[in-house]
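Please look over the sequence and the model below before reading on. The paragraphs that follow go from the strands to the helices, and then to the confidence of the prediction.

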Amino acid sequence: MAGKQLSQRHQATFDGIRQTDPDGEEFWSARDLAPVLEYQDWRNFMQVVDKARMACAQSGRQPEDHFGDVTKMVAIGSGAQRSVPDVHLSRYACYLIVQNGDPSKPVVANGQTYFAMQTRRQELADEAKFAQLSEDEKRLAIRNELAAHNKHLAAAAKDAGVETSLDYAVFQDHGYKGLYGGLGAKDIRARKALKKSQKILDHMGSTELAANLFRATQTEEKLRRDQVHGKVQANQTHHEVGRKVRQTIKELGGTMPENLSAPDKSIQ
C-alpha cells in the first residue's frame, strides 16, 4: 500500500511539471525540476545535470537528444524580466538526473524508488506483450532491438580503439567465435547456407537473436565499465563475453546457437 501511495504521489508531482512543445513532444524544464528535487542552488543542480549528461553519453546515446540547452524569461519584480539559462529534459534525462542526485535528500531517494517501480512495471507489461507475439513478430522485435544495440556497441568499440571497418569486422568475429564455439561469421554463414550478401542476423530465430542481443549489450557494458583500451583487448573482451553467454546456455541445458535451425525466410 505504501509503495502504491509513493508511486501515485511522485507520478502526480512529476507529471504536474511536464510540458509539451509545439510538435507535441513532452519535456521537463530543469528550472522546474530543481526545486521539486529540493535543489535551491542552480549551480549545484547543474552539477547533477552534467553528471546525467555524462551518463547519457556513456550509455551510447546522444545527450543532445535528451538535454536541450535553452534560455528562459523569469520575472524579477515590477513587471521586469530577465533571461536565465535552462535545460529542456526528456523523460530519460529526468531519470538520469534523479539517479545521479543526492540520495540523502528524501525526495531524491523516493524519486529513485519511483523510477525503479515504473521501470519494473514497464518491463512486466513488455514481457506480457512479447509472450503473445508470433515467432516472426518476436524475431522482428528482437532484430530491431539488436540493430539499435549494435550501434551502441560500435560506439563503445570505437572509444576502445576499434577504428576502421576492418577492425570492427575482426571485433565482431571475436564475439561470434566466443558465442558459437569458435565459429566466425564466415563459418556461421556457411552453416546457414547464406550468400555473402545476406546478413546473418536476418536469418536467425528469436532464441538465437536473443543470445546475440545479450552478447551485444553485455559487451558494450563491459567495454565501458572496464574502460577497455586498444583493439586487441576489445577483441578479447568481446570473445570473453560471447563465451560466457555460451556457457550460460549450456548450464541451462539450452541448444547451442550454431545448432539452432534457421528460419525459412529472411526477416526482411
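The next pairing joins β3 to β4 through 10 bridges, with the two strands running antiparallel. Here G77 stands opposite A80 in β4, and the two strands form a hairpin with two residues between them, where S78 in the turn has a positive phi of about 55°.

When these pairings are put together, what is the order of the four strands in the open sheet? The order is β1-β2-β4-β3, and the pairing is antiparallel. As background, strands of a sheet pair through backbone hydrogen bonds, either parallel or antiparallel. The edges are taken by β1 (18-20) and β3 (67-77), each of which has a single partner strand, so one side of each is left without a neighbour in the sheet. From one strand to the next, the twist averages 45°.

Two helices can now be placed against these strands. Helix α3, residues 42-58, packs on the sheet and touches β3 and β4, and its direction makes about 165° with that of β3. Helix α4, residues 91-99, lies across β1, β2, β3 and β4, and α4 runs at about 90° to β4.

Helix α6, residues 135-160, packs with α9 at an angle of about 20°, and their axes are 9 Å apart. The helices α6 and α9 are therefore roughly parallel to each other, since an angle under 35 degrees counts as roughly parallel. Their crossing is left-handed, and the residues of the contact of α6 with α9 divide into 11 nonpolar, seven polar and nine charged.

How are α6 and α7 oriented to each other, given that they pack at an angle of about 115°? They are roughly perpendicular to each other, because angles of 65 to 115 degrees are put in that class, and their axes are 11 Å apart. In this pair α6 passes α7 in a right-handed crossing, where N150, L153, A154 and A157 in α6 meet Y168, F171 and Q172 in α7. The residues of this contact divide into five nonpolar, two polar and no charged.

The remaining pair is made by helix α7, residues 165-179, and helix α9, residues 206-225, which pack at an angle of about 125° with their axes 11 Å apart. That makes α7 oblique to α9. Helix α7 passes α9 in a right-handed crossing, and F171, Q172, G175, Y176 and L179 in α7 meet A211, N212, R215, T219 and L223 in α9. By class, this contact has five nonpolar, four polar and one charged residues. Both F171 and Q172 are listed where α7 meets α9, and both are listed again where α7 meets α6.

The protein averages a pLDDT of 87, and 92% of the residues score at least 70. Among the elements of the protein, α7 has the highest mean pLDDT, 96, whereas helix α1, residues 2-16, has the lowest, 57. Over residues 1-7 the pLDDT stays under 50, and for these residues the model has eight contacts beyond four places in sequence.

Technical notes
Residues are numbered from 1 along each chain as its sequence is written. This is a predicted model: local features need pLDDT of at least 70, side-chain atom pairs count only at pLDDT 80 or more; totals for chains, interfaces and linings use all residues. Side-chain values use heavy atoms; hydrogens and water are left out. Axes are lines fitted to C-alpha atoms, for helices over the stretch in contact, and angles run from 0 to 180 degrees between N-to-C directions. Angles under 35 degrees count as roughly parallel, over 145 as roughly antiparallel, 65 to 115 as roughly perpendicular and the rest as oblique. A crossing is left-handed if the near helix is turned anticlockwise from the far one by less than a right angle, and right-handed if clockwise. Contact means heavy atoms within 4.5 Å. Ala, Val, Leu, Ile, Met, Phe, Trp, Tyr, Cys and Pro count as nonpolar, Asp, Glu, Lys and Arg as charged, and the others, Gly among them, as polar. Two strands pair if DSSP finds at least two bridges between them. pLDDT is the predictor's confidence in each residue, from 0 to 100.
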